[in-house]
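I opened the model to look up helix packing, the sheet and the chain contact. My notes follow the structure.

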Amino acid sequence: MSTPSQVYEPFKAGLPPLVRYWKSLWSRRRFISEYSRSELREQHFDSAFGQLWLVLNPLLLSAVYFLLIIIIGGASDALRYAHLTATLFLFYLVANSLTGGVKSITAGQRLILNTAFPRIMLPISAVVIAVFKFLPTLVIFFIIRSVLGLAYSWQMLWALPILLITIVLALGLAITISCINVYFRDIASFLPYLTRTLLYLSPILYEASALKPALRSLQALNPLFPILDSWSQALVYGQAPQGSNLLAALAWAMGIFLIGTYFFLSREREFAVRL
Amino acid sequence: MPSASSPHKTKEIAVSVRALGLTYTTAIDRRPTLRARAKSLGRGSKQTRVIRALDNVDLDVEYGQVLGVIGANGAGKSSMMRVIAGIIPPSQGRIEVFGSVSTLLALGVGFNPSMSGRDNVFLGGLAAGMSRDEIADHFQEITDFSELGEAIDAPMRTYSSGMFSRLAFSVAATVRPDILIVDEALSTGDAKFKEKSLNRIKELRSDDRALILVSHAMATLRDVCNDVAWLHKGKLVQRGAPGVTIDAYQEFLQLGKSAAIDEDV
C-alpha cells in the first residue's frame with residue numbers, strides 16, 4: 001500500500017507542512033500573475049485613460065498635499081516637493097496593499113469554496129497589484145526629480161533594498177489584515193482611518209528630523225517611519241540611509257511578515273467554513 | 001493539482017473516508033463583526049446554530065470506479081465532495097487521498113467577466129491547477145469543444161449564460177487528474193451540448209482514474225456509473241450497484257420511475 005498523497009483530519013490551529021505548502025504555492029505563481037492582471041483590468045487599467053489616471057492620481061495627490069504644506073507654513077522648496085512625492089508614492093504602495101488585501105479573502109469566496117489552493121495567494125496578488133500601480137509613479141518621481149534639478153548619485157541605489165523591505169512589510173500587512181477580516185468584517189470600514197492616521201504619523205508631509213521631540217515616541221510605533229526616512233535619504237538627498245533606520249525597518253517588516261503569515265497559515269484551512 | 005505520481009492500477013484505493021463527521025457552526029448574526037462580538041460578550045453567549053452535515057460516513061473509492069453520489073437536497077453530498085477535495089477540514093474522522101484531485105464543483109471558478117474568453121481559458125485553467133503550457137497545448141481543443149467560434153475573443157460579460165457554461169465546462173474537462181470530482185456540472189447548455197459533455201465524462205472513465213459524480217439525473221448515473229452511494233441527512237444509507245441503489249432511492253422518494261426524475265441530464 002502506498003502512502004497517501006493527502007491526509008485530511010479535523011482542523012487544528014497549527015502550521016501546515018511548509019515545504020509542501022511552498023511547492024504548491026510556487027507551482028501556482030502563473031496563476032497569481034494572471035489573477036492580478038485580470039483584477040487590474042477589472043479596474044480598467046488596461047485602457048489609455050485608466051493608465052493615465054494611474055499617473056494622474058498620485059500627481060494630483062502630491063499637488064494637494066504640497067498645497068497643504070504651503071498653507072500650514074512648512075518649507076516649500078524643490079527639496080520638500082521631491083521628498084513629498086517620493087515618500088507619498090511609497091506610502092501608497094503600502095496603503096494600496098492594505099486596501100486591496102483586506103477584502104481579498106472574503107471577495108475570493110467562490111474560488112475558496114470550490115477549489116483547493118494555498119489561500120495566501122489572494123493577499124499576495126493584492127500586493128502584486130499594488131506594486132504594478134506603484135511602478136509608473138516611480139517613473140513620475142524620477143521625471144519630477146530631474147525637472148527640479150536634483151543631483152544623481154550612486155548612493156541612490158540604497159533605494160532598492162529599501163523597496164524590497166517595503167514589499168515584505170506590505171505582504172505582511174496584507175496577509176494579516178485579510179485574515180483578520182474573515183473574523184471581523186467591519187475591519188474593512190475601519191481601514192481608511194487607519195491608513196489616514198499612518199499617513200500623518202509618517203514623515204511625508206514633514207521631514208523626519210522636523211518631528212517635535214514630544215512626538216518622538218510615536219515614531220517607534222510606526223513601521224513606516226524608518227522606511228520612509230531612509231527612502232527619502234537615498235532617493236531625494238542621494239545619501240546612504242542610517243544603518244539604525246535600515247535595521248529597524250527590516251526588523252519591523254520581517255516581524256510583521258512572519259507573525260502575519262503564521263497567523264494566516266494556521267487559520268486558512270478554516271476559511272471555507274467561515275465565509 | 002498537477003500530479004507527477006506514477007499511474008495507478010485498477011482496484012487500488014483512490015480515496016479512503018473513515019468515520020467522517022462534519023458540523024457547521026453558523027452564526028445567527030448575518031456577518032461576523034467586531035461589533036457583533038462585543039455585543040455577544042455582554043450577553044455572555046454566542047448566537048450560533050450547529051448543523052450536522054455529515055455523520056460517521058465510511059466510503060472507499062477505488063481506481064477504475066465511477067461512483068455516483070445521490071441523495072435529497074441537504075443530504076451532505078456537496079459537503080462530502082468539498083471535504084474530499086481538501087476545501088473544508090472534517091470535524092471528525094480521517095480522509096486519505098492517493099493521487100491528484102481535481103474538482104468541478106461549480107463552473108467558471110476563477111473566471112473574470114471583464115476579460116475575453118481567451119484570457120479566461122487561461123485564468124480558469126490555471127485556477128484548476130494546469131500549467132500555462134498545458135493550457136496552450138489544449139487551447140484549440142477547448143475552443144473547438146465549446147463551439148464558441150469567434151466569440152472567444154469577446155469579453156465574457158457579453159456571453160449568454162449558455163455560452164458561459166459551455167466554455168467553463170470545456171476548460172474543466174481538459175484537466176486530467178487521477179481523481180475527478182464533478183458536482184452537478186453536467187447540466188449545461190442545450191440538449192446537444194449536454195450529450196456532448198456526457199460523452200466527455202464517459203471518455204474520462206479509465207482504469208487508472210477514479211470519478212465521483214454528484215447528480216440528480218438518475219438516467220445519467222445508471223448509464224455512466226459502476227457504483228452508487230446514497231446519502232441521506234449526512235449518513236450513508238446504501239452503497240452498491242447503480243441499478244439496485246437507485247431503485248431503492250427512488251422507491252424511498254416514492255416517485256418510482258417517473259419522468260421528472262429520469263429526464264434531466
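I began with α4 (residues 132–146) and α5 (residues 161–172) of chain B, which pack at an angle of about 145° with their axes 8 Å apart. Axes are lines fitted to C-alpha atoms, for helices over the stretch in contact, and angles run from 0 to 180 degrees between N-to-C directions. Helices (H or I, at least four residues) and strands (E, at least two) are DSSP runs, numbered from the N terminus.

This is a predicted model: local features need pLDDT of at least 70, side-chain atom pairs count only at pLDDT 80 or more, and totals for chains, interfaces and linings use all residues. Residues are numbered from 1 along each chain as written, with chains lettered from A and ligands numbered from 1 in written order.

Which residues meet between α4(B) and α5(B)? I found B:I142, B:F145 and B:S146 in α4(B) against B:R166, B:L167, B:S170 and B:V171 in α5(B). Contact means C-beta atoms, placed from the backbone, within 7 Å.

Next, the sheet. Six strands of chain B form an open, mixed sheet in the order β5-β6-β7-β3-β8-β9. Strands pair if DSSP finds at least two bridges between them. β5 (101–104) and β9 (235–240) of chain B are at the edges with a single partner strand each, so one side of each lacks a neighbour in the sheet. The twist averages 15° from one strand to the next. Inside chain B, β6 (residues 179–183) and β7 (residues 210–214) pair parallel over five bridges. B:I179 has B:A210 as its bridge partner there.

Last, the chain contact: 38 residues come from chain B and 32 residues from chain A.

Technical notes. Two residues are in contact if their C-beta atoms, placed from the backbone, lie within 7 Å.
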